Amino acid sequence: MKNDTEQPKPKRKKTATYHDAAFAAFNYLLRKYVKNGDVTLESEHQLSKRPPKIDIIILKKNKNVEIETSWGKIFREYNIIEYKSPVDSLLSISVFNKVIYGYVGFYASQENIKLTDMTATIVCYNRPTELFNVLKNELNYKILRKEEGIYYILQKGLPKEKSLLIQIVVSSELKDSDLVLKALRAKIDEATARKVVELPIEDDDYLVSLSSWWEVMILENGLILSQEANMNKWGTLVKEMKKRGLVGYYEQKWMDEGIEKGVQQGVQNLLKYWESGHSLEEAKKKFAFS
């Protein structure tokens, strides 16, 4: 017989909502354009009355505004972004065709806009080498690496101004200026963890939130983030996440375990520092004690 006083076990979130995290990341990276009204983003889009909404990001840009980011330089007035998370299978020709000939075509028809006013961006974590080979060797495409992680997919013999512009963004190859995209994965390393904890939850200046992004990062990397973070910054971050209800049972457990290990390691480092002949004041300064 079940005990009425028995507390139900806390449920762990089954899947990380990578799409929501990616949408928050793009909002954050484009925050100055969003605030100025030069860019608007739509998280989901209903292509027709029957199918459900699909997880593509629609980005609309003023014609006379240039986006400075490496992946934003290609943007026209209407831009479709398909985000494939690191837990998805490798980017295939079927996904490419679905985005280019499905989503883009439907959206252009629905909104009555020209393909020459549009771009298509597919974001994936690993470089899709097999897809690139198919596009180059079997289809009429040229792959042009523009910058780190940025690959333009150009149709041979067709001028850019007369075609849909397509790019594939490989997030693992991006620069640290795009850290919110580059680090959006499980099992980040120590160096990345130290950079991640410097990011805010909310950007009050631009009224942009990274809370959905942090939900995924904590779910996927809670322990290493707490172990490798500067403890003062981590404590502030945890406090803010608790306020917003972003910390569940398992995430809190990881945080507590990480902080405990971090404190132990910190004490060991402090003792070694003193033993090497440094003063208490020097130790306070080095280890950021308040």
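This is a predicted model: local features need pLDDT of at least 70, side-chain atom pairs count only at pLDDT 80 or more; totals for chains, interfaces and linings use all residues.
Biologist: How many of the residues of helix H1 are buried?

Modeller: Helix H1 covers residues 18-29, and its 12 residues reach 16 Å from the first C-alpha to the last, close to the 16 Å expected at 1.5 Å a residue. A residue counts as buried when its relative accessible area is under 20%, and in H1 the buried residues include Tyr18, His19, Phe23, Phe26 and Leu29. The helix is largely enclosed by the rest of the structure, because the number of its 12 residues that are buried is 11.

Biologist: What distance separates the C-alpha atoms of valine 197 and leucine 237?

Modeller: Valine 197 is placed in the loop between helix H6 (190-196) and strand S8 (202-203), and this valine is buried, with a relative accessible area of 7%. Leucine 237 lies 40 residues away from valine 197 along the chain, yet the separation of their C-alpha atoms is 7.8 Å.

Biologist: What is the phi of lysine 187, and is this lysine buried or exposed?

Modeller: Most residues other than glycine have a negative phi. Lysine 187, which lies in the loop between helix H5 (179-182) and H6, is not a glycine and still has a positive phi of about 60 degrees. Its relative accessible area is 78%, so lysine 187 is exposed.

Biologist: Where is leucine 207, a residue with a positive phi, placed?

Modeller: Leucine 207 is a residue other than glycine, and its phi is near 55 degrees. At 77% relative accessibility, leucine 207 counts as exposed. Its place is in the loop between S8 and strand S9 (208-209).

Biologist: Aspartate 203 forms a salt bridge with arginine 31, so how many residues apart in sequence are the parts that the pair ties together?

Modeller: The closest N and O atoms of aspartate 203 and arginine 31 are 3.1 Å apart, which falls within the 4 Å that a salt bridge requires. Aspartate 203 is buried, with a relative accessible area of 13%, whereas arginine 31 counts as partly exposed at 21%. Because aspartate 203 lies in strand S8 and arginine 31 in helix H2 (residues 31-35), the distance in sequence between the parts they tie together is 172 residues.

Biologist: Which residues do salt bridges that share partners join into one network?

Modeller: The side chains of aspartate 176 and lysine 182 meet in a salt bridge of 3.4 Å, N to O. Aspartate 176 counts as partly exposed at 38% relative accessibility, and lysine 182 counts as partly exposed at 23%. Through salt bridges that share partners, the residues joined into one network are Asp176, Lys182 and Lys195.

Biologist: How many salt bridges does a search of the whole structure find?

Modeller: Among the salt bridges are the pair of aspartate 203 with arginine 31 and the pair of lysine 73 with glutamate 147. For the whole structure, the search finds a total of 8.

Note on methods:
Residues are numbered from 1 along each chain as its sequence is written. Side-chain values use heavy atoms; hydrogens and water are left out. Helices (H or I, at least four residues) and strands (E, at least two) are DSSP runs, numbered from the N terminus. The expected span of a helix is 1.5 Å times one less than its number of residues. Buried means under 20% relative accessible area, exposed over 50%, partly exposed in between (1.4 Å probe, protein chains only).
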